[in-house]
Structures are given as structure tokens and as C-alpha cells.
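Trainee: I'd like to walk through this model with you, and I may jump around a bit. Could we start as soon as it's on the screen?

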Amino acid sequence: KPKKKMPMASDEERFVEAPGLRVGTGAWKWPPVWPYQDEMFKRKEEIESQQSMTPMQNMLASGAMGATPDALKKDEENEFDPLKYWGVEKDGVDTDLDPATAAKLKSHYTFYLRDGMSVLEFGAAENSYLPDGLKLDRHVGVGGSKTQMEKNPALTESLVVDLNKVKPEFDIDSDELRELGKDTFDVVLMANTIDFLTNPREVFRSAWNLLKPGGTMLVAFTSRDAYVDKFEKAQTKMWRDMNDDQHTWICGSFFQFSAGDGWEGLKGFDISPDGASSEDDSILSKFTNQNKPDNIYVVQATKVKPEESIDESDPEKSFSSRMWMLPTMEERDKQLVAPRLARAYVATGDESDKEKIASHVDTLPKIYESLIKMDQFAFTFSMQAQLAADLVSDPDYDGNDEQIMNLKM
């Protein structure tokens with residue numbers, strides 16, 4: 001029997017957290033920029049369809065030479081419609097977590113959910129796996145099937161929303177979700193849904209916006225083959241190609257690249273029941289032990305309260321806070337700009353100029369829309385960050401159209 005993987009978490013962390021902590025807050029390591037190609041978030045049929053096309057057909061379908069009616073028709077035929085898939089094709093198909101796995105997820109939720117909380121659930125269906133007897137103040141389900149959510153007795157409200165329809169770099173493109181407000185919920189749950197997300201950063205940004213400061217998002221998922229017979233068509237290439245350990249890291253990266261340090265306490269749990277199947281099992285073992293319970297994992301983090309004013313004792317932290325949710329900029333760029341803005345802020349002795357620097361931070365995406373088009377070898381990332389900080393620190397700069405146009409020249 002293979003030795004159980006050792007946790008990457010301190011004894012102190014494991015003492016105060018739910019059982020099964022595998023990855024503690026200090027164990028995560030990230031690249032400086034979003035590390036995934038768009039193809040990783042496509043589905044199997046979409047990729048196979050693209051591979052079957054000739055180079056000329058690919059050019060036409062991409063719009064490079066103006067798509068023909070036949071190319072457009074084929075593209076439409078292969079386009080995946082999530083609401084049709086979940087609300088029509090799979091409308092009566094239950095998730096059906098096996099009892100042992102469901103009990104483990106309920107037990108994990110018991111550690112973090114309390115009576116009187118308000119909960120938002122992304123990917124809601126017929127069962128939320130809440131602890132028995134839990135009395136929530138509010139539980140809003142957001143999913144693709146109204147029928148499945150109507151079966152769920154835990155939900156107090158439900159919204160049919162396509163989680164993959166997004167406003168790029170901002171949030172899920174749903175007015176109903178936005179009308180729920182900001183800083184509204186104590187907890188966001190998302191179970192067995194991450195494998196179907198084609199725009200995960202925007203989903204995690206929506207969760208961050210909707211959570212109260214100090215609120216927690218818990219993302220639970222099973223192994224890639226748990227629902228392959230039911231929902232493989234909706235799974236992304238990333239989910240199909242990666243293993244459980246990689247899924248844990250990937251899920252953690254969605255927290256990191258959605259709001260950066262706007263999340264804290266990032267942790268990964270392996271809460272699989274005893275006797276669960278393993279990716280190391282032989283093919284014969286998988287066929288002869290099909291009744292083994294599924295593995296299940298949870299990655300979670302807590303929303304940090306943004307700083308409302310610049311902390312004179314630590315302005316770099318304050319400027320970093322103001323950039324958590326800014327679009328266009330990579331995490332690398334934000335880390336380069338924050339200390340430069342802090343130095344400029346400290347250097348000026350004029351309170352009015354300090355206020356202008358703080359208020360100009362929101363213009364950084366406009367600046368970087370121009371900077372990212374420049375030659376990165378001749379004009380390095382550090383140089384770009386210095387120019388951006390210099391502009392934001394200029395009292396006469398306000399990001400108007402003429403100033404941005406001059407930057408592009």
C-alpha cells in the first residue's frame with residue numbers, strides 16, 4: 001500500500017483547522033503572471049473540432065479573414081451552451097456523491113459554518129451537503145438548473161446563472177448577482193463546479209466582491225473521473241489532463257490570480273474517506289473495486305478587508321490593497337508598482353498631492369493598456385512600473401483621454 005502523502009502544513013495550523021489539512025498557508029508558490037493558456041479552459045469537443053479543421057478553416061473561424069457562413073455555422077454547432085446543457089440535457093441528472101464522501105464534506109462544513117450565517121452557493125444543485133440541523137439565515141443558490149435547485153431544501157433563494165458568461169477581468173456577467181450587493185455573505189460555497197469553469201478568475205472575483213470582509217470561500221472537488229460518465233462533456237481540458245495534487249494547486253492559483261493578497265489563509269485539504277480510490281491504483285484495481293468512495297478535496301481562503309485610506313506607517317501595503325481587483329495588470333506589475341507609489345507618497349510633503357496619488361491608482365489599468373504593447377526587451381517590466389508610478393504620482397495627471405493618447409505615441 002502506498003504511503004500516504006505527507007502534509008505541507010505546520011503542526012500549529014493542523015491543530016486549529018479541520019482534519020485533513022494538506023497544504024498550509026506558507027506552502028504555496030506562484031509564478032509572477034497568469035500561467036495558463038486559453039486552450040486549457042476549452043472542452044474536449046471544442047478542441048477536437050478545432051484540430052479537425054484545416055489551417056484555412058481555422059483562420060476563417062477565428063475571424064482573421066472574415067468568417068464564411070459555413071465556418072460560422074460549424075462554429076455555432078460546436079459551441080457549448082452551459083444553460084442548455086445543465087438546464088435541459090442534464091436537468092434530471094443528480095450529482096450523487098457516495099455516502100462516505102458526502103459525510104466527509106458535511107463534516108468539513110461543520111467546522112466552518114454556523115447558525116445564522118448568510119451563504120451563497122455557486123454551482124448549486126439538488127444537495128448542498130450542509131451539516132444536519134444547521135440553521136442559516138440565508139442560503140442563495142446559483143446554478144444552471146432551476147429543476148435541480150428546486151429539489152434542494154436548504155436553499156432559501158435560487159438564481160439561474162451561467163457562471164461561464166463573464167465580463168472579462170471583472171466578474172460573472174449577471175445583473176441578478178450584482179444586485180445581491182457587495183460584502184453581503186459570510187460564506188461562499190462551490191462544490192464539484194470548478195472543473196466546468198472556463199473563466200475561473202472572474203468567478204473568484206465575483207465571490208470576493210460578494211463576501212463580507214472576513215468571509216470564507218470553500219471550493220470542494222472530487223477526482224477528475226468521479227463524474228466522467230455523466231458530465232465529461234462539460235469538463236475543461238485542464239481538469240481532464242491534471243491529477244488531484246495539480247487540481248489543488250490550480251484551485252489555489254485561482255484565488256491568487258483573482259485578488260492576490262485580497263485573500264488570506266489559503267489552505268488545501270484532503271478529506272477523502274478511508275478506502276477511497278487512488279490515481280495510483282492499477283487499471284485492474286479500478287475495474288474490480290468500482291464501489292470505492294471518491295476522493296474529495298477542499299481549497300479555501302478568507303477575504304481581507306481593503307484599506308479605506310493610506311496607512312502612513314505602511315503605504316506600500318495600502319497601495320497594494322487598492323490594486324487587488326484592478327484589471328489589465330498582472331500580479332507581477334502590481335508588486336512592482338506598489339513600492340514605487342509608496343516611495344513617491346512618502347517623498348511628497350503636500351497633503352493635497354498625497355490625496356491625488358491615492359485617487360489616481362484607479363487609472364493604472366488605462367496606463368497598462370498602453371504599456372503592455374511596448375517592446376518588453378527595450379522597455380522592461382521595471383521600467384514600465386516606474387513610468388506608471390511616475391504618472392500616478394504627478395499632481396497634474398488624471399488619466400484623461402489626451403494624456404493616455406500621448407502615452408501611446
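Trainee: Which residue in strand 10 is the bridge partner of G268?
Mentor: The bridge partner of G268 in strand 10 is V299. Helices (H or I, at least four residues) and strands (E, at least two) are DSSP runs that are numbered from the N terminus. Please keep in mind that this is a predicted model, in which local features need pLDDT of at least 70 and side-chain atom pairs count only at pLDDT 80 or more, while totals for chains, interfaces and linings use all residues. Residues are numbered from 1 along each chain as its sequence is written, and side-chain values use heavy atoms, with hydrogens and water left out.

Trainee: How many bridges join strand 9 to strand 10?
Mentor: Six bridges join strand 9 to strand 10 (residues 296–303), and the two strands run antiparallel. Two strands are said to pair if DSSP finds at least two bridges between them. Strand 9 also pairs with strand 1 (residues 21–23) in the antiparallel sense, over two bridges, and there L21 stands opposite F269.

Trainee: And is strand 9 mostly covered or mostly open?
Mentor: Strand 9, which spans residues 263–270, is mostly covered, since six of its eight residues are buried. Buried means under 20% relative accessible area, with a 1.4 Å probe and protein chains only.

Trainee: OK, zoom out for a second. How many helices and strands does the chain have, and what share of its residues count as buried?
Mentor: The chain has 19 helices and ten strands, and 49% of its 409 residues count as buried. If we take the contacts (heavy atoms within 4.5 Å) with a separation of 6 or more, residues 24 or more positions apart account for 69% of them.

Trainee: Which strands does strand 2 pair with?
Mentor: Strand 2 is joined to strand 3 (residues 138–143) by five bridges, and these two strands run parallel; within that pairing, V119 stands opposite H139. Strand 2 also pairs with strand 7 (residues 185–191) in the parallel sense over four bridges, where the partner of F122 is M190.

Trainee: Where is T184 found?
Mentor: T184 is found in the loop between helix 8 (175–178) and strand 7. With a relative accessible area of 18%, T184 is buried. Leaving out residues up to four places away in sequence, T184 touches S118, R138, L210, L211 and K212. T184 and P213 are 29 residues apart in sequence, and their C-alpha atoms are 9.2 Å apart in space.

Trainee: There's another loop residue I noted. Why does N152 count as buried?
Mentor: N152 counts as buried because its relative accessibility is 5%. N152 sits in the loop between helix 7 (146–150) and strand 4 (157–160), and beyond its neighbours within four places in sequence, N152 is in contact with A125, E126, N127 and S128.

Trainee: What does helix 16 pack against?
Mentor: The buried residues of helix 16 pack against helix 14 (315–323), helix 15 (331–347), helix 17 (364–371) and helix 18 (381–393). Those buried residues of helix 16 (residues 351–360) are K354, I357, A358 and H360.

Trainee: Last topic, cavities. What is the volume of the largest cavity?
Mentor: The largest cavity has a volume of about 450 Å³. A cavity is a set of points, on a 1 Å grid over the protein atoms alone, where a 1.4 Å probe fits but cannot get out, and its lining residues have an atom within 4 Å of a point. Grid points are joined across faces, edges and corners, and a volume is the space filled by probe spheres set on the points. The count comes to three cavities of 30 Å³ or more.

Trainee: Which residues lie nearest the centre of the largest cavity?
Mentor: W86, G123, A124, T193 and F196 lie nearest its centre, out of 28 residues that line the largest cavity. Helix 5 (residues 82–89) gives the most to that lining, with three residues.

Trainee: And which residues line the second largest cavity?
Mentor: The second largest cavity, with a volume of about 40 Å³, is lined by F41, I194, L197, P200, T236, M238, W239, I250 and F254. Helix 11 (237–241) and helix 12 (244–259) each supply at least two residues of this lining.

Notes:
Buried < 20%, exposed > 50% of the residue type's maximum accessible area, 1.4 Å probe, protein only. 1 Å grid on protein atoms, 1.4 Å probe; cavity = no way out; pocket = protein on both sides within 12 Å on 5 of 7 lines; lining within 4 Å.
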